[in-house]
Amino acid sequence: MATSPSSSAQAARERVARRLRDLRADAGLTGTELARRCGWTHPKTSRLENARTPPTPDDIRRWCSACDADAQADEIIAQSRDAESMYTEWRTHVRAGLKALQGKDPHLFRDTTLFRVYSASLVPGLLQTEGYAAGVLEISARFHDLQVDDSADAARARVERSRIIHEAGRRFVFVIEEAALHYRVCDADAMAAQLGFLLTAGALPQVSLGVIPMATAAREQWPRETFHVYDDRLVSIELVSARVRITQPFEIALYLKSFEQLRSAAVYGAESRALILRAIEALQ
């Protein structure tokens, strides 16, 4: 992929800033004149035009009014909100606790019929057992220095949310790296239970579970950051510091291309089960 997820979010902010700049230019106003009409200082105009400061809805309405373009205000506000929602720091997500995070975006799950998930380091959340999820979320709680560790409650909520994989009318395509089967994010018993569940879940008719062997000789894609594709309309990427949401069609197309190349490198059926059984044996 040509750009990082964080740079994609910044590019969305820059598109909003460029649109504001074009409005000012089309109105024949200097930055100083626009600042005077809006009732703020010239440096603020510069910060908004160069995407150093995100505009508030009030900023956009004042800007459009100064440029005699009030009719464009609502559209630009919506564009700006989309840009800001693309990049959300985890510290914002976890402010209300890890359990609350499991219930975020319920409409996204409800409205999606095809889930595609790639993970290089963990068993995907939709396939996690409670013990495994508790281990993952406990690590997250420590990393983010949460005042209250509700990882056990969050793990139960995650498993409850994952019941969606049993609902009719949905398909789930998972691709994971073999290494993810070996990373010890919980104790040996919980790891064994998790790997055993993968054998069961992978046999469900609505689930496709592919594992990319570590010994794969020639790869078209190296291991990537974890990402989720919801139908063909949204990609969610998990970084160390933030979650990034991609909605631009050309970027979604890049992730879909990457996913298909990763999927083609995976093994399925008896071959994937053999890799999972090998990981279980390694726990002994």
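Q: Which side chain makes a polar contact with the side chain of Thr112?
A: The side chain of Arg233 does, at 2.9 Å. A polar contact here is a pair of N or O atoms within 3.5 Å; within protein, one must be able to donate a hydrogen and the other to accept it, and residues adjacent in sequence count only if both atoms are side-chain atoms. This is a predicted model, where local features need pLDDT of at least 70 and side-chain atom pairs count only at pLDDT 80 or more, while totals for chains, interfaces and linings use all residues. Residues are numbered from 1 along each chain as its sequence is written, and side-chain values use heavy atoms, with hydrogens and water left out.

Q: Thanks! Where does Thr112 lie?
A: Thr112 is in the loop between α8 and β2. Helices (H or I, at least four residues) and strands (E, at least two) are DSSP runs, numbered from the N terminus.

Q: Is Thr112 buried or exposed?
A: Thr112 is buried, as its relative accessible area is 0%. The classes are buried under 20% relative accessible area, exposed over 50% and partly exposed in between (1.4 Å probe, protein chains only).

Q: What else is around Thr112?
A: Apart from neighbours within four places in sequence, Thr112 is in contact (heavy atoms within 4.5 Å) with Arg170, Tyr230, Asp231 and Arg233. A polar atom of the Thr112 side chain also lies 2.6 Å from the backbone oxygen of Leu108.

Q: New topic, aromatics. How many aromatic pairs does the structure hold?
A: Nine. Rings of Phe, Tyr and Trp (its six-membered ring) pair if their centres lie within 6.5 Å; planes under 30 degrees apart count as stacked, over 60 as edge-to-face and the rest as tilted. One of the pairs is Phe109 with Tyr230, which is tilted because the planes are at 50°, with the ring centres 6.2 Å apart.

Q: Which parts of the chain does that pair link?
A: Distant ones: Phe109 is in helix α8 (residues 106–111) and Tyr230 in strand β5 (residues 227–230), 121 residues apart. Phe109 is buried at 11% relative accessibility, and Tyr230 is buried at 7%.

Q: Why is the pair of Phe227 and Phe259 edge-to-face?
A: Because their planes are at 75°, with the ring centres 6.3 Å apart. Phe227 is in strand β5 and Phe259 in helix α12 (residues 249–265), so this pair ties together parts 32 residues apart in sequence. Phe227 is buried at 0% relative accessibility, and Phe259 is buried at 0% too.

Q: Which residues form the aromatic cluster?
A: Phe109, Phe115, Phe172, Phe174 and Tyr230 form one cluster.

Q: What lies over the face of Trp222?
A: Arg224, at 3.9 Å from the ring centre. A charge counts as over a ring if NZ of Lys or CZ of Arg is within 6 Å of the ring centre and within 35 degrees of the ring normal.

Q: Now Gln128. Where is its place?
A: In the loop between β2 (114–119) and α9 (130–143). Gln128 is buried, with 5% relative accessibility. Its side chain has a polar contact of 2.9 Å with the side chain of Arg158, and a polar atom of that Gln128 side chain lies 2.8 Å from the backbone oxygen of Val123.

Q: Which residues in helix α10 are buried?
A: In α10 (residues 151–161), Ser151, Ala154, Ala155 and Arg158 are buried. They lie on the same side of α10, because they cover an arc of only 105° around the axis, taken from the directions from the helix axis to the C-beta atoms.

Q: Last one: how many helices and strands does the protein chain have?
A: It has 13 helices and seven strands. Buried residues make up 46% of the 284 residues in the protein chain.
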